[in-house]
Amino acid sequence: MKRSKKIEESFFKVLMVIATYSILAVLALIMYSIFAKGIKAMSWEVLTTVPSGGYYYGKGGGILNAILGSLSLAFGATLLAFLIGLPVALYINVFLVRYKNAVRMIRFILDLVWGIPSIVYGAFGFSMMILLGIQTSLLAGTITVTLFILPIMIRSMDEILRTVPIGLSEAAYSLGSNKSELAFKIFTRQTISGIITAILLSFGRGIGDAASVLFTAGYTDNLPNSLMEPVATLPLSIFFQLSSPVPAVQDRAYASALVLTLIILLVSLFSRGLGKRYHKTKINF
Amino acid sequence: MYLLNRIQRHRVNYTWMIVSLVLVASLPFLLFLGLYLKSFLLIHDYHLGDLLFSKEWKPGSGKFGFYPFIVGSIWVTLIAMLISGPICILTAIYVTQYTKKRFLRIMHPAIDILAGIPSVVYGLWGILVIVPFISDFVGPLFGVKTLGYSILAAGLVLSIMIIPFILNILIEIFRTIPIELKEASLSLGATQWETIKHVLFKKALPGIIAAFGFGLARAFGETMAVLMVVGNVVNLPKSVFDPGYTLPALIANNYGEMLSIPKYDSALMFAALILLAVSLFFNLVMHFFIDRYNKLAA
């Protein structure tokens, strides 16, 4: 009896170790293959030029259109989502803090929206575009991605704003501040590191998503120069170039994947670093 | 210093908040309504049962049977869950019960990076690694000839993609179980593993179900990575080595031609509506389980 117990425990312990390290190993394998393939295909030309004639048959050019397109789309979407998301997160935590049921309901809706797959946002964005008569464009893509990252932005800000101690609100009220001053001047300053993390997290989500921009942002070989024109994005440039039969074009898909992965790694590194920095204005209770 | 006085600024801020809140809170209803109106043409002309369970997909001649896509999506999702489920539970128990806190500090960034990798990159990795692995190694092992682009490839890639989601929730759940429960069980003479099996596991069960449900919903709607490795052939897969087609892949692959064939756009919007409904349903049910877990834990 005693022996079998021991055997069972060590058996499962071995399984656990295998499971844990296999996750780390898979991550290492993914990183290795992206970097190994990507670095081989990387060059200045790929990074700094737009596709030239015959690009899709393996001739010269690069993915600058996709890099700039993705960055401008993700910046725009993050900014819009921030402008809509911050007041909502503040409203929940300052104005509605007494109405527990209302808050629970709003958080519940946000969680539901968070779970909706991005392709559904893409399809919805597309149907709205037909309805309003808008072509595939930077604007349409930006709005779709905004909707997609909005719940992520709000919920991550909300998680931080929740941690603000009630004493801080009481102190502010007692000094005569009103609710919106409490929200915008005190809550935001107390949680600035968390807010930055939320912004970076949403930015990373927005720049990496392909399904929502597939119908809405379109694709072009030119640099983005107007809100109403189609724009290239990195995820789609990976997707399209990978389906080409020409090896030189496929190589540039690997380079694009490396660029995208690096951007996302940088963003997540930044959010870790910044999160620890901005504690100057924070009041500890 | 300011253009407006304090009261006016308060009013502006308040309006800004309310407008944003209404916009956000109406989002799921707007999505549902928009997609429903667009797919109304199709739902109106066909039987819902026919649409969901007919096997014929010939948009050119007006035949819209979503059955192959639904079956494909279910296959892929189930394979992904079967692989990632046990791995996530084992890992979550290991990192919360058997290792030092320091180990979590390595594990958390790793999970974050896995969660952050975009799905096209997973798809690319799937084409580079998983597809050849299946066509050259797993297929011959079972004596099956396969190109590699298959239900199994999609399931494998997907299982890796949902591991961070499930694992994050599970680690959180195992961490919040009160230490007293564990201490009580250990003090009665149970071994560590018995405590985990009989006490922690039972306590965490609603949470585990919820975590799996969230992962399942996520996997069901995943588009690009699946699209790139699943093979995109409209048929009812007979084995996991057959190529298949999923609902999200159907939408993503055909948006270019959807306006040229009558009712085609309605059909694709209907597919999006199914995805939306499945996602909302699963998230709703799982929230119920999470709430129950929270109440039990409190």
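This is a predicted model: local features need pLDDT of at least 70, side-chain atom pairs count only at pLDDT 80 or more; totals for chains, interfaces and linings use all residues.
B:Arg6 and A:Glu181 make a salt bridge, with 2.7 Å between the closest N and O atoms.

**Charged pairs**

- A:Glu8 pairs up with B:Lys197 in a salt bridge, and here the closest N and O atoms sit 2.8 Å apart.
- This pair joins two chains, because A:Glu8 belongs to helix α1 of chain A while B:Lys197 belongs to helix α9 (residues 192-221) of chain B.
- Side chains of opposite charge can pair when their charged atoms come close.
- Search the whole structure, over all chains, and you get eight salt bridges.

**The interface between chain A and chain B**

- On polar contacts, the count between chain A and chain B is ten residue pairs, both residues being at pLDDT 80 or more.
- Helix α1 (residues 2-41) of chain A gives the most to the side of chain A that touches chain B, putting in 21 residues.
- Sort the residues on that side of chain A by type and you get 58 nonpolar, ten polar and eleven charged.
- The contact draws 79 residues from chain A and 79 residues from chain B.

**Chain A on its own**

- Chain A has eleven helices and zero strands.
- Its pattern along the sequence reads α-α-α-α-α-α-α-α-α-α-α.
- Taken along the principal axes, the C-alpha atoms of chain A fill a box of roughly 70 × 70 × 40 Å.

**Chain B on its own**

- Chain B comes to twelve helices and two strands.
- The C-alpha trace of chain B spans about 75 × 70 × 40 Å along its principal axes.

**A nonpolar patch on chain B**

- B:Phe32, B:Leu33, B:Tyr36, B:Leu37 and B:Phe40 make a nonpolar surface patch of about 480 Å².
- B:Leu33, one of the patch residues, lies in helix α2 (residues 27-45) of chain B.

Technical notes: Residues are numbered from 1 along each chain as its sequence is written. Chains are lettered from A and ligands numbered from 1 in the order in which they are written. Side-chain values use heavy atoms; hydrogens and water are left out. Patches are made of residues with over 30% relative accessible area and no salt bridge: like charges are joined within 9 Å, nonpolar side chains (Val, Leu, Ile, Met, Phe, Trp, Tyr) within 5 Å. Accessible areas come from the Shrake-Rupley method with a 1.4 Å probe; for residues, only the protein chains shown count as cover. A salt bridge is a side-chain nitrogen of Lys or Arg within 4 Å of a carboxyl oxygen of Asp or Glu. Helices (H or I, at least four residues) and strands (E, at least two) are DSSP runs, numbered from the N terminus. Contact means heavy atoms within 4.5 Å. A polar contact is a pair of N or O atoms within 3.5 Å; within protein, one must be able to donate a hydrogen and the other to accept it, and residues adjacent in sequence count only if both atoms are side-chain atoms. Ala, Val, Leu, Ile, Met, Phe, Trp, Tyr, Cys and Pro count as nonpolar, Asp, Glu, Lys and Arg as charged, and the others, Gly among them, as polar.
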